[in-house]
Amino acid sequence: MPPPSARPRSRRLARHSTDPVEDPAPVLVALAVDGKTVRGSRTDGAAVHLLGAAPHDSQSVIAQREIAAKSNEIPAFAPLLARLDLHGVVVTADAMHTQRGHAEKITAAGGHSRSGWVTRLPRSRR
């Protein structure tokens, strides 16, 4: 057998690589969280406002919470996601949810957050 330096480079590297078809990377599911006001629901001057979670690849809502009157989506975010298994899930949300606490709850539940940059703010900006 020739010394290792004499073997073709591609052959030496081939034993360390894997075929992507045989060893697929884990598939992440994307989940969008967004709030909507229900049209035609205005009673006593206030319309019903809902916070929902829907997978990016479908048009179905898999979790939904009503937002309390005189409140916003921020307090309802964590309870909405608490009922879901977030392992292997990337959670996307609008700018309102770029909160350090939201990113920490998502990652603690095994998910991935597109707002995770909030946890890396310089100490002077915290």
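The legends below accompany close-up views of a predicted model.

View 1. Five strands form an open sheet in the order E3-E2-E1-E4-E5, and their pairing is mixed. Strand E3 (63–66) and strand E5 (112–113) each have a single partner strand and stand at the edges, so one side of each is left without a neighbour in the sheet.

**View 2. The pairing of E1 with E2.** Strands E1 and E2 run in the antiparallel sense where they pair, and 7 bridges join them. Within this view, alanine 32 can be found opposite alanine 54, which belongs to E2.

**View 3. Helix H2 packed with helix H3.** Helix H2 (residues 74–82) and helix H3 (residues 100–108) have axes 10 Å apart and pack at an angle of about 0°, and the two are therefore roughly parallel to each other. On the H2 side the contact is made by Ile74, Phe77, Ala78 and Leu81, which meet His102, Lys105 and Ile106 of H3.

**View 4. The largest nonpolar core.** This core has 15 residues, and those with the most contacts inside it are Leu31, Val33, Ala53, Leu81, Leu84, Leu86 and Val91. Two or more residues are given to the core by each of strand E1 (29–37), strand E2 (49–55), H2 and strand E4 (89–93), with the largest share, 4 residues, coming from H2.

**View 5. The surroundings of leucine 86.** When its neighbours within four places in sequence are left aside, leucine 86 is in contact with Leu31, Leu81, Val91, Ile106, Ala109, Gly110 and Gly111.

Methods:
Residues numbered from 1 in each chain as written. Predicted model: local features only at pLDDT ≥ 70, side-chain atom pairs only at ≥ 80, totals over all residues. Heavy atoms only, no water. Axes fitted to C-alpha atoms, helices over the stretch in contact; angles between N-to-C directions. Parallel < 35°, antiparallel > 145°, perpendicular 65-115°, else oblique. Contact = heavy atoms within 4.5 Å. Core = buried A, V, L, I, M, F, W, Y, C linked by side-chain atoms within 4.5 Å. Buried < 20%, exposed > 50% of the residue type's maximum accessible area, 1.4 Å probe, protein only. Pairing = 2+ DSSP bridges.
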